[in-house]
Amino acid sequence: MTTKEYNTCVNQLSDDVYRFLLKQLSNEMEAQDIVQNTFEKLWMNREEVVFEKAKSYLFTVAYRNMIDFTRRQKFRGSNENLPEKGDNSFQGQFETREILNKGLDQLSEIQKTLILLRDYEGYNYEELADMTELTLSQVKVYLYRGRKKLQEYIRQMDQAV
């Protein structure tokens, strides 16, 4: 990958990677740090990374960095920066996006990751399997169960309103 191609990746993909991490972590500074680490790894490995595969590479590295970060947070016992899973206090009517974000927070980490990468970023099943090191069947099962759980959550919120 040339310097020009690297700069193109930064300009075109940094917002997408940041948005993915922000939805996962719900913390802007942590997401920015991981994005910076991700692009640093791309720069360090630019000779091995093919420009056409850079997007997949970036999301894979970002996902793995995020997993490492959350593991370190859990190991340290510092969970104050992680999103709360059981917040069901709804006052008034939320916009659809807010309800969807709350629903995503109810999912397991892997379900949330797969749904965001598939439905928000548009990756196919094979790419998801490569990124997360799961089998194709596991990816499909996690996506199906995550979507069903999200659907049920939205249905409950609709009935509550």
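This is a predicted model: local features need pLDDT of at least 70, side-chain atom pairs count only at pLDDT 80 or more; totals for chains, interfaces and linings use all residues.
Val-17 is found in helix H1. Is Val-17 buried or exposed? Its relative accessible area is 0%, so it is buried. Which residues does Val-17 touch, once its neighbours within four places in sequence are left aside? They are Val-35, Leu-58, Phe-59 and Ala-62. Phe-59 lies in helix H3, residues 54-76. Another reference point is Ala-31. Val-17 and Ala-31 are 14 residues apart in sequence, and their C-alpha atoms are 8.8 Å apart in space.

Ser-26 is not a glycine, yet it has a positive phi of about 55 degrees. Its relative accessibility is 47%. Buried means under 20% and exposed means over 50%. Ser-26 therefore counts as partly exposed.

Now the aromatic rings. A pair of aromatic rings is described by the distance of the centres and the angle of the planes. How many aromatic pairs does a search of the whole structure find? It finds three. One of them joins Tyr-6 and Trp-43, with ring centres 4.9 Å apart and planes at 65 degrees. Planes over 60 degrees apart count as edge-to-face, so the pair of Tyr-6 and Trp-43 is edge-to-face. Tyr-6 sits in helix H1 and Trp-43 in helix H2, so this pair ties together parts that are 37 residues apart in sequence. Tyr-6 is buried, with a relative accessible area of 12%. Trp-43 is partly exposed, at 32%.

Where do the two partners lie? Phe-59 is in helix H3 and Tyr-123 is in the loop between H5 and H6. The pair therefore ties together parts that are 64 residues apart in sequence. Phe-59 has 0% relative accessibility and counts as buried. Tyr-123 counts as buried too, at 3%. Ring pairs also bring in Phe-20, linking Phe-20, Phe-59 and Tyr-123 into a cluster.

Helix H5 spans residues 109-120 and helix H6 spans residues 125-132. Their axes come within 10 Å and cross at roughly 135 degrees. That angle makes H5 oblique to H6. H5 passes H6 in a right-handed crossing. Which residues make the contact? From H5 come Ile-110, Leu-114, Leu-117 and Arg-118. From H6 come Tyr-125, Leu-128, Met-131 and Thr-132. By class, the contact of H5 with H6 has six nonpolar residues, one polar and one charged.

Beyond H6 comes another loop. Glu-133 lies in the loop between H6 and helix H7, which covers 136-160. Glu-133 has a positive phi of about 60 degrees, although it is not a glycine. Is Glu-133 buried or exposed? Its relative accessibility is 61%, so Glu-133 counts as exposed.

Notes. Residues are numbered from 1 along each chain as its sequence is written. Side-chain values use heavy atoms; hydrogens and water are left out. Axes are lines fitted to C-alpha atoms, for helices over the stretch in contact, and angles run from 0 to 180 degrees between N-to-C directions. Helices (H or I, at least four residues) and strands (E, at least two) are DSSP runs, numbered from the N terminus. Angles under 35 degrees count as roughly parallel, over 145 as roughly antiparallel, 65 to 115 as roughly perpendicular and the rest as oblique. A crossing is left-handed if the near helix is turned anticlockwise from the far one by less than a right angle, and right-handed if clockwise. Contact means heavy atoms within 4.5 Å. Ala, Val, Leu, Ile, Met, Phe, Trp, Tyr, Cys and Pro count as nonpolar, Asp, Glu, Lys and Arg as charged, and the others, Gly among them, as polar. Buried means under 20% relative accessible area, exposed over 50%, partly exposed in between (1.4 Å probe, protein chains only). Rings of Phe, Tyr and Trp (its six-membered ring) pair if their centres lie within 6.5 Å; planes under 30 degrees apart count as stacked, over 60 as edge-to-face and the rest as tilted.
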